[in-house]
Structure formats: structure tokens, C-alpha cells
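Here is a briefing on the side-chain interactions and packing of one protein chain. Please keep the sequence and the model in view while reading.

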Amino acid sequence: AYLLEPREPSGVWPFSDEQSSAVPPGVGESARVLAALKQWGVALDYAGALEALLRRAPPHPRGGSGPEAMDAVALAELLYLGALMGRPLPDQTSALVEHVQRYGFKPASPGPLRASPFLFAYLLARWLRQGGDYWRLASTLRPELQKLWEGAADPTPLDSALALPALMAFERPSNVDMWERALQILARQSLQSQDEAGGWPALPLFTRADGTTYGSRQLTTALCLEALGC
């Protein structure tokens, strides 16, 4: 009931800061809430809701750009919702694969609100585990994720939690013992910041164009719990 309350008549949930993004507001957030509600067995017209989101924000044409273009994070959210419904989305899949092959976990261009690359890696892993085409992306994502993690100057507990399921999905270890130790380290780094109430502190998840970061205790806690459960 709490999640359904802010849903707009158009069928989407408003983004917390709609003026900060050129992406049609609420698309990725709406897909994430719908995925949660579906997994919890809440009765809803998911097919109609997905169609509404697809009409609101179609994937960009090859080489296209502009405010109607989908960003990669929202595409990953939509693809996960489609996978939960057994609904393949070939146009969105092609757009996301093209983006990853060209830019890795980075945005195509620095937008006004940039998502953490670890969040993007996690969302891709979540989609691939549910029903994505693993082999089309694995060869690109594996070395990219390794570079991303090794290049992180000071990874936060949230980064560690998000990197954990991504490594599990993308890595094919030659040294299994070393790989398992790395996963244990990531899990320990994240769990050490869990407080007595079971939550995590607010940690940066988005960066604005002026360099300020955005995050919340609710976002950090939800993502850490979800990622560690993978």
C-alpha cells in the first residue's frame, strides 16, 4: 500500500528529482517498484504497466540522442521487469548491449544525474541472472568490472554490496579459492557497516553535474539487503 500510494494516474511513479534528468522521469524507478510488487505477489496489471512505460520511453534509435533517449540504468530496470514477466524486449536489449559494448559501465555522456557504475553493474547482473542473454555480454563485462573494482579509490560498503552479485554473475574464475575469498571480503566489507537496527547509512548513489552526491538510508539499506541476498 505504501508503494502504490504515490503512483500517478499515468501509471508511473515520480522520480524524487525530476528536473535533474533528461530521461523521461519515473521510468526506471517505476520498473523497479513494479518488479518488487510482482515478486511479492501483489495483484496488478503488470502487462499494461510495462506497455505504458515502453510508450513513455522507447529505446533510442541507433546513433540517436535527445531527451527521449533511454539511459542505460533505466533500460536495465525495464529489462529486468520484462524478464520477470517472461516478456523479451529485443529493441531494449539491443540498445543496452550496444551501450555496454561501447561504454562499459559508464554513461554515454555526462548527464545532470549520473548513477554509480557499481549500481549499473548490479542491475545488469540482476537482469542476466533472471533471464538475460549472458553470453552476449560476458566477454565485455568481465574485464570491465575487474577494472572498475581495481580502480575504485575508496569503495563504500554499498559499492561492495553491489559488486558482489555482479562478480558472481560475470566472473568465471581460474582460481576458485581466490575468487571465493574475494566474495567473502566484499560481503564482510558491506556487513561491517550494518547498524544494530539492521540498516545502512546514507551513501552516495548518484552524482549531480555540480559534483554533489545523492543517496539515502532507505536506498542504501534496500540495495544492500537485495544485493547480499543474491
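The points below cover ring pairs, charges, the core and selected residues.

This is a predicted model: local features need pLDDT of at least 70, side-chain atom pairs count only at pLDDT 80 or more, and totals for chains, interfaces and linings use all residues. Residues are numbered from 1 along each chain as its sequence is written, and side-chain values use heavy atoms, with hydrogens and water left out. Helices (H or I, at least four residues) and strands (E, at least two) are DSSP runs, numbered from the N terminus. Buried means under 20% relative accessible area, exposed means over 50%, and partly exposed is in between (1.4 Å probe, protein chains only).

**Aromatic rings**

- Searching the whole structure gives one aromatic pair. Rings of Phe, Tyr and Trp (its six-membered ring) pair if their centres lie within 6.5 Å; planes under 30 degrees apart count as stacked, over 60 as edge-to-face and the rest as tilted.
- The partners are phenylalanine 105 and phenylalanine 120: their ring centres are 6.1 Å apart and their planes stand at 90°, so the pair is edge-to-face.
- Phenylalanine 105 lies in the loop between α4 (90–103) and β1 (113–115), and phenylalanine 120 in helix α5 (residues 117–130), so the pair ties together parts that are 15 residues apart in sequence.
- Phenylalanine 105 is buried at 4% relative accessible area. Phenylalanine 120 is buried too, at 3%.
- The charged end of lysine 38 sits over the ring of tyrosine 46, 5.2 Å from its centre. The criterion is NZ of Lys or CZ of Arg within 6 Å of the ring centre and within 35 degrees of the ring normal.

**Salt bridges**

- The whole structure holds seven salt bridges. Each is a side-chain nitrogen of Lys or Arg within 4 Å of a carboxyl oxygen of Asp or Glu.
- Glutamate 77 bridges to arginine 126, with the closest N and O atoms 2.5 Å apart. This pair links distant parts of the chain: glutamate 77 is in helix α3 (residues 72–84) and arginine 126 in helix α5, 49 residues apart.
- Both glutamate 77 and arginine 126 are buried. They belong to a network of salt bridges that links Arg32, Glu77, Arg126 and Glu226.
- Glutamate 98 and arginine 102 meet in a salt bridge at 3.4 Å, N to O. Both lie in helix α4, four residues apart, about one turn of the helix.
- Glutamate 98 counts as buried at 16% relative accessibility, whereas arginine 102 counts as exposed at 53%.
- Aspartate 195 forms a salt bridge with arginine 217, the closest N and O atoms being 2.7 Å apart. Here aspartate 195 lies in the loop between α8 (176–191) and β2 (206–208), and arginine 217 in helix α9 (residues 217–228), 22 residues apart.
- Aspartate 195 is partly exposed at 31%, and arginine 217 is partly exposed at 37%.

**Core and helix packing**

- In soluble globular proteins, nonpolar side chains tend to be buried together.
- The largest nonpolar core has 64 residues. Such a core is a set of buried Ala, Val, Leu, Ile, Met, Phe, Trp, Tyr and Cys residues joined through side-chain atoms within 4.5 Å.
- Leu96, Phe105, Phe120, Leu124, Trp127 and Phe170 have the most contacts inside it.
- Beyond its neighbours within four places in sequence, leucine 96 is in contact (heavy atoms within 4.5 Å) with Ala72, Leu75, Ala76, Leu79, Phe120, Leu124 and Trp127.
- Helix α2 (residues 46–56) has Tyr46, Ala49, Leu50, Ala52, Leu53 and Leu54 buried. Their cover includes α1, α3 and α4.

**Selected residues**

- Glycine 26 is in the segment before α1 (27–39). Glycine 26 is buried, at 1% relative accessible area.
- Glycine 26 and valine 12 are 14 residues apart along the chain, with C-alpha atoms separated by 6.1 Å.
- Aspartate 159 is in helix α7 (residues 157–170). Aspartate 159 counts as buried at 11% relative accessibility.
- Leaving aside neighbours within four places in sequence, aspartate 159 contacts Ser116, Phe118 and Trp149.
- Methionine 85 is in the loop between α3 and α4. Methionine 85 is partly exposed, at 24%.
- Not counting residues up to four places away in sequence, methionine 85 touches Lys38, Tyr46, Ala47 and Leu50. Methionine 85 and tyrosine 46 are 39 residues apart in sequence and 8.0 Å apart in space, C-alpha to C-alpha.
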